[in-house]
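Subject: The structure, and what turned up in it

Hi there,

Here is the structure I promised to pass on. Have a look through it first, and then read on for my notes.

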Amino acid sequence: MECMKSINPTTGALIHSYAEHKAGEIQSILAATQNAWEQWRCVDYEVRATHLVRAAAVLRTHKEDYARLMTLEMGKIIAEARAEIEKCAWVCDFYAENAEGFLKDEIIETDASRSFVSFEPLGIILAVMPWNFPFWQVFRFAAPALMAGNAGILKHASNVSACSLAIEDVFREAGFPEHLFRSLLIPAWEVETVIRDKRVKAVTLTGSEAAGKSVASIAGQELKKSLLELGGSDPFIVLEDADINRCVRTATQARMINSGQSCIAAKRFIVVQPRLAEFEAAQTEILNRMRVGDPFVSDTEVGPLARLDLRDELHDQVLRTIEAGGRLLTGGNIIGGPGAFYQPTVITGVKKGMPLYHEESFGPVLAIIPVQDEEEAIRVANDSDFGLGGSIWTQDSKRGEVLARRIDSGAVFVNGMTKSDPRLPFGGIKKSGYGRELSHYGIKEFVNIKSIWIA
Ligand code: NAP
């Protein structure tokens, strides 16, 4: 029997193996979820909200267990894992409180005696999710989707099956109808069967460009809606009038969060010449001192990468960038041993044509692209296939705002690091995907926006 394996990235040891769901089991889960949805779609907002508030409470009650599970399966440092669970509870509370307002009927004056828009659930939504924020990625989809009256089927990344099952349990323990939210333990190739199933009405995927293209094309053939949250190579622009101390500290955090494995991590540090030397020196010093090690130890700052193959891929990008003329300031090597550890790395002199200028890097590697001035900084920022987030550093907030409007991305933060927040829409343009999660925009992605006209 085929099985999915969770490997501890800190030690290389096998944690669990799970039998994959077979074709018959997939069919019976879809049937049960469809039945649960038929009931759930008629439940009013107040009751749905009560359930979601209970899910938030379950998350808080078991915070330590869930945090430890994430750290065990994909290696994020334990403090960040705890914060992730808190954020999941927040998004549940947020939609419990606001969903009804976001989806209330919208009266529109026409020639009818009464006409309005009603926002109605679609049915089962398939969520294909990545391992990097194993709980957060799922809850930011599930909280609005369930509040809108939909059901959820989760296909999580194969290396975080224990998290996938734990999330299913959160909804069960919170008292949601049995089977309204189910996890399928299936390999990537089996996703096609699920998308093509008539009971599945739409699909959302967070992951790589390759997975996005495949899922979107199958959904397209079936004429089903898709939402894609893909990679990013966010610019972090340092202008000559930046508050350099704050900027340097935030730059490190923006790159190293989740050991560098975040779609909205700052990845291209675009620094104007007058600030270049001090920015390079400061980052080199900070990254040199960062404590890399066991993510369960409270003072560890950088854990392992989630898998050995991902660590090796990152190392290859670093080597190819150095070969192309990038100048290594610190790091640049695999850390030996059984775990998937990589040295915090700073490379400067990165230019067009080098891998770290164009490709997304998923790990503790900070690439500096020197530029002459503001105009070149904006040009370089936009010279990317991606368009997820971005950050600009200047003490002139008006200037920051003007420049923020010129960056081609789904979000720009002025004097702050790019982050997700339930109140703000989240998503990208270009090869970072399409559609939005979070806020009132996110909850309207998977609803039938229906016009009702009464003579
Ligand atoms: P990935 O390989 O694309 O995996 C993501 C999910 O897609 C997993 O569940 C995976 O299943 C599944 N999958 C892979 N190939 C598939 C295919 N051909 N058809 C259907 N499903 C498929 O991505 P990853 O390496 O795990 O995650 C890192 C990527 O996600 C990065 O590019 C990162 O920037 C992006 N990301 C984006 C956001 C955002 O919000 N924009 C957030 C987080 C991460 P298996 O595990 O079974 O292969």
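Below is what was found, from the whole chain down to single residues.

Please keep in mind that this is a predicted model.

The chain as a whole

The chain contains 15 helices and 20 strands. Its radius of gyration is 23 Å, close to the 23 Å that the globule rule gives for 455 residues, so the chain is as compact as a globular protein of that length. If you picture the C-alpha trace along its principal axes, it spans about 70 × 60 × 40 Å. Of the 455 residues, 57% are buried. Taking contacts between residues at least 6 apart in sequence, 71% join residues at least 24 apart.

The start of the chain

Strand 1 runs antiparallel to strand 2 (residues 14-19), and five bridges join the two. Within this pair, Ile 7 stands opposite Leu 14 of strand 2. The hairpin that the two strands form has six residues between the strands, and Gly 12 takes a positive phi near 80° there.

The largest pocket has a volume of about 1,100 Å³. Its lining is made of 49 residues, and those closest to the centre are Trp 131, Gly 207, Ser 208, Arg 307 and Leu 310. Strand 1 comes up again here: along with helix 7 (191-196), strand 8 (200-206), helix 8 (209-221) and helix 11 (308-323), strand 1 gives two or more residues to this lining. Sorted by class, the lining of the largest pocket holds 25 nonpolar, 14 polar and 10 charged residues.

The second largest pocket holds about 380 Å³ of space. It is lined by 18 residues, with Lys 87, Phe 133, Ile 257, Lys 419 and Ser 420 nearest its centre. Helix 4 (78-102) and helix 5 (136-147) each supply at least two residues of that lining. Helix 4 gives the most, with four residues. By class, the lining of the second largest pocket divides into nine nonpolar, four polar and five charged residues.

Which residues is Ser 233 in contact with, once its neighbours within four places in sequence are left aside? They are Lys 267, Arg 268, Glu 359, Glu 360, Ser 384 and Phe 386. Ser 233 itself lies in the loop between strand 9 (225-229) and strand 10 (234-238). Buried means under 20% relative accessible area, and Ser 233, with 2%, is therefore buried.

The other two stand out for their backbone. Most residues other than glycine have a negative phi. Ser 259, however, has a positive phi near 55°. Ser 259 is found in the loop between helix 9 (244-256) and strand 11 (266-272), and at 2% relative accessibility it counts as buried.

Leu 438 also has a positive phi, near 65°. Leu 438 has its place in the loop between strand 19 (433-434) and helix 15 (439-443). With 0% relative accessibility, Leu 438 counts as buried.

Conventions. Residues are numbered from 1 along each chain as its sequence is written. This is a predicted model: local features need pLDDT of at least 70, side-chain atom pairs count only at pLDDT 80 or more; totals for chains, interfaces and linings use all residues. Side-chain values use heavy atoms; hydrogens and water are left out. Two strands pair if DSSP finds at least two bridges between them. On a 1 Å grid over the protein atoms alone, a cavity is a set of points where a 1.4 Å probe fits but cannot get out, and a pocket is an open set with protein on both sides within 12 Å along at least five of seven lines; lining residues have an atom within 4 Å of a point. Grid points are joined across faces, edges and corners, and a volume is the space filled by probe spheres set on the points. Ala, Val, Leu, Ile, Met, Phe, Trp, Tyr, Cys and Pro count as nonpolar, Asp, Glu, Lys and Arg as charged, and the others, Gly among them, as polar. The radius of gyration is taken over C-alpha atoms; the globule rule is 2.2 Å times the number of residues to the power 0.38. Buried means under 20% relative accessible area, exposed over 50%, partly exposed in between (1.4 Å probe, protein chains only). Contact means heavy atoms within 4.5 Å.
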